[in-house]
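Biologist: I have a new model to go through. Please keep it plain and start with the terms.

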Amino acid sequence: FDRDFLTIKTRTKSDGLSFLTKTLPSLAKSLDLALKAGQFQTPSSFKRKGSSNLPCIFNGFFKLVFSEDGVLLGEPDTTAIKDLRQVGYLFYKYQLEHKERLVEHFFEEFKKQDKDIPVSIKNTEEMGIIHYAKGVIDEIFSNFKCDSLVPKNGPGSVANGIPPWGRFQPTKFYPQLNSLVDYCEFYYYNNRHLFDDFERYFDLDYEFFGTAKSIAVPKDSRGPRLISSEPSEFMTYQQALKNAMVPYIEHHPITKGRVNFTRQDINRDLALKASQDQFYATLDLKSASDLVSVKLVDLLFEDTCIHDYLMNTRSSFTELPSGEVIPLNKFAPMGSALCFPIEAITFFSLIVGEKIARGTPLKEAAKNVYVYGDDIIVPTTDVVHAIEALETCGLLVNVDKSCFTGNFRESCGMDAYLGIDVTPTKLKKVWQEDPDAATQASFLAICNNLFANGYWTASDFVRRSLERVMGLLPLRVKGSPVMGLTTW
């Protein structure tokens, strides 16, 4: 252990933070792959111990999990697994400032990826899956009503830079939005309210397409997250539809408890149980929202009452930081209020539709499919078919992060092995001498998570650092809204 700690200090000094944010996580990822495949391979950035297949670093821990030739032991030590993952992934989500060149590369990839999305569907196999998935969508939305949408503003920034208190009035007139719900009804309480704003309202400039702005926000050590900042009028209509759709989907007999937006615990509990009995597999998608094409959504929802709302409330273009404006072939990037609910119901319908195509009745087909965003859970016996359904329609399954062999499962922030929670605590915010409120809250959560997982010395180190800035922290019971140290 002393030599391990010395190696960490030495390599961090020589390699810089990249050792903590990239190299150590590569070792943890190799561990995860080995828990699924049964065979460990030491990454090239680490030396192996003699003639064994295990690394020199953390060798004592690895020998509690694998034999010398890297084969998974019959009864591996789950505590050693948890410890290895905790150290390996500690800095994986560290939100460092990224070089301008890296940010530009992400935008170039975003542009290229969107350009490669097909604008039409000619593949007969794809049309076959869409046919059955469309039937699932039609059944789910058969009783949905669009006549009582309530306008709502979103919490994030908007493309036209309007502050939250200014978004209750339109800044531009978009005929496509007005065709859904008249501006006069959506933005004004009554005729008197409209009359008071009469001159400004009739002076609004006409725009025939919505143009969002793509911005980069901190994500983790690997690079930024690209977010779509929507025009305020589009966000108001998107939020209205989202607020009507989400509770409807969560209470519909077919999707209730299966397509979730407010409860991650369903997927988390299933992943924990599946790590023991292997009944369910967890699937993860690459660039999930960026690969859901507008054509796919158009076809799936064409016979529902929300079709026109989906097509008319999406931004058709986005402006990159360089000033270049590009058309969007994806339905909606992250940042759109409809991105999350539409991608979830799309994934659900494709997987269930594929099962129906094989002769399974709708209710039976939907029974064991669970979706939260791009976190998907299906029976292990259906994995091949589910992947085929998703990838036939232009989506990409991240096989390395999907879990359908072995006893490791990962979904909605739950990493589990043999029925044991082995989820690591990950640093996100960078500590500063005078941390802001968000950084303080982040490190307080880390302090409590480390303590709950038995890393009491590390937790105490974070606590003392916080109390130097915040003063003596109060004790609180778990679940309390008070900011403080969790105690039992």
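Modeller: Helices (H or I, at least four residues) and strands (E, at least two) are DSSP runs, numbered from the N terminus. Two strands count as paired if DSSP finds at least two bridges between them. This is a predicted model, so to speak of a local feature pLDDT must be at least 70, and side-chain atom pairs count only at pLDDT 80 or more, while totals for chains, interfaces and linings use all residues. Residues are numbered from 1 along each chain as its sequence is written, and side-chain values use heavy atoms, with hydrogens and water left out.

Biologist: What stands opposite Ile326 in E7?

Modeller: Thr318 does. Strand E6 (residues 317-319) and E7 run antiparallel and are joined by three bridges.

Biologist: What is the strand order of the open sheet?

Modeller: The order is E4-E3-E6-E7, four strands with mixed pairing. Strand E4 (223-229) and strand E7 (325-327) are the edges, each pairing on one side only. On average, neighbouring strands are turned by 35 degrees against each other, direction ignored. Axes here are lines fitted to C-alpha atoms, for helices over the stretch in contact, and angles between N-to-C directions run from 0 to 180 degrees.

Biologist: Which strands does H5 lie across?

Modeller: Helix H5 (residues 100-116) lies across strand E3 (211-220), E4, E6 and E7, at about 55 degrees to E4. Asp116 is in H5.

Biologist: Asp116, buried or exposed?

Modeller: Asp116 is exposed, at 53% relative accessible area. The cut-offs are under 20% for buried and over 50% for exposed, with partly exposed in between (1.4 Å probe, protein chains only). Asp116 is 214 residues from Lys330 in sequence, yet their C-alpha atoms are 9.9 Å apart.

Biologist: Changing topic: how do H6 and H15 cross?

Modeller: The axes of helix H6 (residues 124-140) and helix H15 (residues 339-357) come within 7 Å and cross at roughly 115 degrees.

Biologist: Which residues make the contact?

Modeller: Contact means heavy atoms within 4.5 Å. Among those involved are Tyr132, Val136 and Ile140 of H6, and Phe348, Leu350 and Ile356 of H15. By class there are twelve nonpolar, two polar and no charged residues. Nonpolar covers Ala, Val, Leu, Ile, Met, Phe, Trp, Tyr, Cys and Pro, charged covers Asp, Glu, Lys and Arg, and the others, Gly among them, are polar.

Biologist: And H17, which residues are buried there?

Modeller: In helix H17 (residues 383-392), these are Val383, Ala386, Ile387, Ala389, Leu390 and Thr392. They pack against H6, strand E5 (280-286), H15, strand E9 (375-379) and E10. Just after H17, Gly394 has a positive phi of about 90 degrees.

Biologist: Where is Asn398?

Modeller: Asn398 is in the loop between strand E10 (396-397) and strand E11 (408-411). Asn398 counts as buried because its relative accessibility is 15%. Leaving aside neighbours within four places in sequence, Asn398 contacts Asp284, Leu285 and Lys286.

Biologist: How many disulfides are there?

Modeller: Zero in the whole structure, where a disulfide is a pair of cysteine sulfur atoms within 2.5 Å.
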